[in-house]
Amino acid sequence: MKPIIQNKKDLVFYNNNIVSKIKTLAKKTKNKRARVCIHKNLASKTNEMIIALKKGSYIRPHRHPYSKSESYHVIEGKMDVYVFSRKGKKVKVINMGDFKSKLNFYYRMNKSFFHLPVAVSNWCVYHEVYSGPFKKNQDVKYARWSPVENDKISVKKFLKEIGYIF
């Protein structure tokens, strides 16, 4: 089962059932995350997703081209977004939570920063908006100084070094 639900409709609306669905999908994956793609395809000018991120999931630090923006709006739970310099120095940690948490519930990046979102609570569910169209080989540049996702030992060491608490 793929951890992606793809929208095919022109009129889209979701209630809390979608959160339960993507959490269930994420529980069945190695990388502990799943999403619903709200945009109809990768060629859309705006790409929107609702993402369920389980604590311990690792999304390799990456950046996007200068012409692309990205934003997160937390629906449920808490997350930290680590921002790094091009050489891998941690320059900022944005503590985020849903609106009631009184933490930052929204973040937008208009410049090409290396960044890493991680769940702080058991689950973080967030709405991501990205400037499309999306072409992964052009739109995602992984940090050479960061470990690849399947190198569990290096990932754990890296997360510990930046201050992530498991």
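**Entry: Asp-139 and Lys-68.** I began with the side chains of Asp-139 and Lys-68, which meet in a salt bridge at 3.4 Å, N to O. A salt bridge here is a side-chain nitrogen of Lys or Arg within 4 Å of a carboxyl oxygen of Asp or Glu. I noted that the two partners are 71 residues apart: Asp-139 sits in helix H2 (residues 136-139), and Lys-68 in the loop between strand E4 (62-63) and E5. Helices (H or I, at least four residues) and strands (E, at least two) are DSSP runs, numbered from the N terminus. Asp-139 is buried, at 4% relative accessible area, and Lys-68 is buried at 13%. Buried means under 20% relative accessible area, exposed over 50%, and partly exposed in between (1.4 Å probe, protein chains only).

**Entry: ground rules.** This is a predicted model, where local features need pLDDT of at least 70 and side-chain atom pairs count only at pLDDT 80 or more, while totals for chains, interfaces and linings use all residues. Residues are numbered from 1 along each chain as its sequence is written, and side-chain values use heavy atoms, with hydrogens and water left out.

**Entry: other salt bridges.** How many salt bridges does a search of the whole structure find? I got four. One of them joins Lys-23 to Glu-76, with the closest N and O atoms 2.4 Å apart. Lys-23 is in helix H1 (residues 17-27) and Glu-76 in strand E5, 53 residues apart. Lys-23 counts as buried at 18%, whereas Glu-76 is partly exposed at 29%.

Next I looked at Arg-33 and Glu-149, whose side chains form a salt bridge at 3.1 Å, N to O. Arg-33 lies in strand E2 and Glu-149 in the loop between strand E9 (141-142) and helix H3 (152-162), 116 residues apart. Arg-33 is buried at 11%; Glu-149 is partly exposed at 28%.

**Entry: the largest pocket.** I found about 650 Å³ of space in the largest pocket. On a 1 Å grid over the protein atoms alone, a pocket is an open set of points where a 1.4 Å probe fits, with protein on both sides within 12 Å along at least five of seven lines; lining residues have an atom within 4 Å of a point. The volume is the space filled by probe spheres set on the points, which are joined across faces, edges and corners. Of its 29 lining residues, Arg-33, Arg-35, Met-49, Phe-134 and Lys-136 are the closest to the centre.
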